[in-house]
There are 2 protein chains.
Amino acid sequence: MPKNESNSKTNDENDIQKKELHEDFLEAKELLDSHINETSEDELSGVDITEHLKTLKKHDEDEYTSYLEKLDAESLADAAIEMPEHMLKDVLENVPKEKLVEAMEELESDDQVELLEYIDDIDEVKAREIFDELDDDDKEDILKLSNYDEDEAGAYMQIELFKANLDETVKEAVDRLRSLRHTGELESVYQLFAVDKKGVLKYSIPLADLIIYNFSLTIDEVVRSAKEDEFRPKFAQDSEHIDDVVTKFEKFDLSVLPVVDSRGVLVGRITTDDIHDIIQERATEQIYNLAGVDDEAEEEDTLFKAGKARAIWLLLNLFTALIASFIIGFFDKTIETIVALAILMPIVSGMSGNAGTQALTVTVRRLALGEIEFNDKKGVLKKEIGIVLVNGLVFACLLGIVAYIWFDIAMLGVVIACAMFISIMFAGFLGTVIPLTLKKLNIDPAVGSSVLLTALTDIIGFFSFLGLATWILL
Amino acid sequence: MPKNESNSKTNDENDIQKKELHEDFLEAKELLDSHINETSEDELSGVDITEHLKTLKKHDEDEYTSYLEKLDAESLADAAIEMPEHMLKDVLENVPKEKLVEAMEELESDDQVELLEYIDDIDEVKAREIFDELDDDDKEDILKLSNYDEDEAGAYMQIELFKANLDETVKEAVDRLRSLRHTGELESVYQLFAVDKKGVLKYSIPLADLIIYNFSLTIDEVVRSAKEDEFRPKFAQDSEHIDDVVTKFEKFDLSVLPVVDSRGVLVGRITTDDIHDIIQERATEQIYNLAGVDDEAEEEDTLFKAGKARAIWLLLNLFTALIASFIIGFFDKTIETIVALAILMPIVSGMSGNAGTQALTVTVRRLALGEIEFNDKKGVLKKEIGIVLVNGLVFACLLGIVAYIWFDIAMLGVVIACAMFISIMFAGFLGTVIPLTLKKLNIDPAVGSSVLLTALTDIIGFFSFLGLATWILL
């Protein structure tokens with residue numbers, strides 16, 4: 001009875017799957033328990049906690065809510081930043097306001113702003129309530145940071161940092177660090193920033209250097225006893241574009257960078273972990289944009305926004321595809337006479353589209369990595385043209401021969417070879433020039449360039465192939 | 001005389017361009033000069049120096065060579081790592097061996113290995129000669145590091161670090177740090193790693209904590225006076241995959257991670273700047289692979305390798321396009337009868353190719369970012385199917401109406417709508433399943449998945465459209 005057998009098999013599979021799911025649930029619970037009771041060997045990160053909570057939610061809403069309440073304020077804060085919207089909603093509904101305020105106070109200023117803005121998206125009233133309960137220092141910091149544009153370095157900095165006046169002794173500074181560390185107010189300290197009486201940033205002294213000096217010296221004496229320029233600080237302007245800050249981190253292998261305002265006054269610092277996030281986000285943005293996908297919409301939990309953003313690109317694509325079809329339409333008589341043309345058409349457009357995408361992708365990415373300077377543009381174009389020149393010739397000949405053998409019409413081979421060469425050459429040229437031009441116009445070269453490229457290569461491909469065929473073969 | 005006018009205009013433009021080029025040259029020279037004489041305000045990074053040298057090379061080979069010789073050993077070393085192959089060749093030819101050895105000794109162990117392997121690619125004999133001249137410690141370190149696979153954490157670590165035994169006092173450790181700093185042997189120190197007598201890593205103490213303790217305490221006493229687990233170290237195994245190390249840095253916002261061998265003995269450390277490079281490289285790799293471009297070949301200075309790598313993907317694409325053409329070939333009689341089919345064909349394949357690429361790109365990137373776990377696969381597929389279901393319906397109707405209006409054949413509208421819906425659904429399904437399957441088979445889901453996807457969506461698109469047309473319209 002094969003039917004029965006397959007049925008029991010499916011049942012078994014279902015059982016196994018259920019068991020696996022249940023094991024997930026137990027494992028997540030266990031890990032969260034040992035985190036809460038601080039018995040675990042490995043600390044859980046905010047991402048981990050969020051993942052385990054998600055597993056709980058899938059199986060048992062009540063357990064999930066109880067764990068939201070059980071988490072300590074710091075873990076809750078770390079997790080909240082990483083949560084998808086629906087989970088943060090659960091937090092806002094189930095966790096008492098006092099604990100939310102406490103959690104917020106555990107975060108550093110940049111993360112406070114991020115979380116508060118995130119809460120504000122979901123529940124404005126709640127965000128306002130939480131903000132009102134924060135202590136005045138936190139409020140002031142948050143207001144300061146939210147004044148920056150999202151592309152400005154200032155929006156990414158944290159206000160907490162370790163600084164000292166030039167006339168303070170090392171000991172005084174270290175004593176202050178001790179109390180900052182004991183209250184847990186300051187993490188990831190790698191540098192002491194030395195400022196003058198007006199708060200202007202003068203020097204940046206790595207702790208690895210500070211620790212080897214005599215603690216009774218003043219900061220000024222430390223600086224003067226070192227090599228000239230030893231402690232000259234690298235810094236970012238608060239109004240500087242964050243992408244330029246990322247470049248500085250990469251060029252100089254930094255772990256932290258002080259941020260100053262227009263008068264040179266030290267106002268905050270940016271740490272390396274924020275830079276990691278920015279690099280990843282930028283890369284995701286580029287990859288998605290090249291494929292006609294919106295990175296922010298994809299991160300939403302609902303299908304609607306992601307689907308809608310994709311539909312817009314598909315609509316644009318439909319529009320350009322219709323233009324290409326109109327081009328084909330001009331040659332309907334030719335196609336009726338030589339149906340081989342309809343059979344070979346997609347190869348010409350597909351190959352040139354591909355060659356163009358190769359050039360486009362390399363150019364977009366190299367622009368993003370800062371590998372192409374203004375002066376370098378000619379060199380880039382030369383390289384890309386060189387590549388498509390050779391590849392165009394190779395594949396033109398190859399396809400010409402294939403078409404000749406397949407349909408046994410010599411001139412058809414010639415026509416498709418010429419069309420292929422022309423369209424691959426154009427594709428390589430356009431794949432390079434489109435992003436370079438968009439960049440020059442200050443438009444993100446990853447957005448829309450694929451659609452534009454495909455539209456143009458299709459049009460050129462079909463036109464040259466069918467046009468040459470009409471001219472030569474008819 | 002318009003002709004003359006335009007001629008003089010071109011001359012002017014040429015002059016301006018020449019002037020601009022010359023200004024570049026002078027600027028590069030000036031910046032290098034002030035770097036060499038240490039009179040500049042801003043330090044030049046290895047990348048900067050390489051860029052300026054490149055500018056010199058473009059204009060004046062002799063000046064360029066003289067600057068290669070003028071640079072101090074450290075700057076030369078920093079720049080050499082960043083140079084394209086042809087420039088490193090110039091360095092090897094023009095800089096005396098003693099200075100090359102000196103430059104090599106300025107680098108930290110991980111960079112030494114990188115540069116030496118790079119030199120070895122160009123000139124094996126020279127690489128061997130330089131290696132032989134290094135002091136024994138450096139040689140030993142290099143041999144140790146080159147034993148690791150390129151994906152292992154060990155290959156990315158540097159051996160230089162700041163460590164202390166548990167029974168040492170803070171003062172003893174700091175004294176050692178002082179001499180390490182004075183000889184310039186150790187940079188970017190953020191942590192003291194505490195080891196037992198066998199060298200096994202026990203604790204990791206941030207300098208920001210170490211500096212606030214009484215220097216006469218032993219490390220053991222420092223640890224015991226802190227909160228339990230305060231200094232429990234996060235670490236990487238030397239044999240661990242480097243991608244897992246990157247994940248650790250991101251989850252825990254680290255700036256440095258100690259590396260231990262299988263017995264737990266501390267063998268090196270990985271710093272955040274190496275992680276930046278890896279993140280960028282991985283992103284480039286994904287973007288390029290999705291477009292059928294090889295990231296390593298593109299970095300070469302010659303066109304040949306990049307062009308060849310791209311040609312391989314184009315060849316594969318030609319092959320799959322031919323299969324699609326064969327499918328069309330089955331329906332030659334249908335096309336001859338209804339030439340509108342040939343006109344509309346590219347829209348079906350283009351749209352479904354696009355919808356598939358959207359799903360593919362999101363899945364590939366989310367896999368790379370670790371956002372998709374094994375258990376999550378069903379959820380991902382559900383989401384992607386949901387999106388193409390709605391978008392498929394929308395665009396099927398839309399195109400159906402357009403086709404009906406254009407050609408005034410009602411059933412043609414029905415045929416293309418059905419074909420469009422079928423092929424977009426398949427595209428979304430395949431765009432998700434292909435990378436998930438490749439990942440499960442331990443194949444990089446970014447490599448080749450685009451070609452495979454386009455081939456399948458083309459075949460399904462053409463087959464459903466022309467098949468339905470033959471069945472319904474003839």
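Predicted model: local features only at pLDDT ≥ 70, side-chain atom pairs only at ≥ 80, totals over all residues.
Start with B:Ser45. Colour by accessibility and B:Ser45 comes up as buried, because its relative accessible area is 3%, under the 20% cut-off. Now show what surrounds it: leaving out residues up to four places away in sequence, B:Ser45 touches A:Lys251 and A:Phe252.

Next, select B:Val245. Setting aside neighbours within four places in sequence, B:Val245 is in contact with B:Ala153, B:Ala236, B:Glu240, B:Leu257, B:Ile270 and B:Ile275. B:Val245 is also among the residues with the most contacts inside the largest nonpolar core, a set of 108 residues; A:Leu53, A:Val245 and A:Ile270 are on that list too. A second, separate core has 80 residues, including A:Met345, A:Leu466, B:Met345 and B:Leu466.

Over to chain A: pick helix 5 (residues 85–94) and helix 7 (residues 109–122). Their axes come within 10 Å and cross at roughly 90°, so helix 5 of chain A counts as roughly perpendicular to helix 7 of chain A. To see the contact, show A:Glu85, A:Leu88, A:Lys89 and A:Leu92 from helix 5 against A:Leu115, A:Tyr118, A:Ile119 and A:Ile122 from helix 7. Sorted by type, the residues of this contact are 6 nonpolar, 2 charged and no polar.

Last stop: the spans of chain A that an unreviewed UniProt entry labels "transmembrane region", among them 311–331 and 337–364. Residues 311–331 of chain A are 95% helix and 0% strand, with end C-alpha atoms 30 Å apart. For residues 337–364 of chain A, expect 93% helix, 0% strand and 42 Å between the end C-alpha atoms.

Key: Residues numbered from 1 in each chain as written. Chains lettered and ligands numbered in written order. Heavy atoms only, no water. Buried < 20%, exposed > 50% of the residue type's maximum accessible area, 1.4 Å probe, protein only. Contact = heavy atoms within 4.5 Å. UniProt positions renumbered as here; feature names shortened; annotations may be inferred. Helix = DSSP H or I, 4+ residues; strand = E, 2+ residues; numbered from the N terminus. Core = buried A, V, L, I, M, F, W, Y, C linked by side-chain atoms within 4.5 Å. Axes fitted to C-alpha atoms, helices over the stretch in contact; angles between N-to-C directions. Parallel < 35°, antiparallel > 145°, perpendicular 65-115°, else oblique. Nonpolar A, V, L, I, M, F, W, Y, C, P; charged D, E, K, R; others polar.
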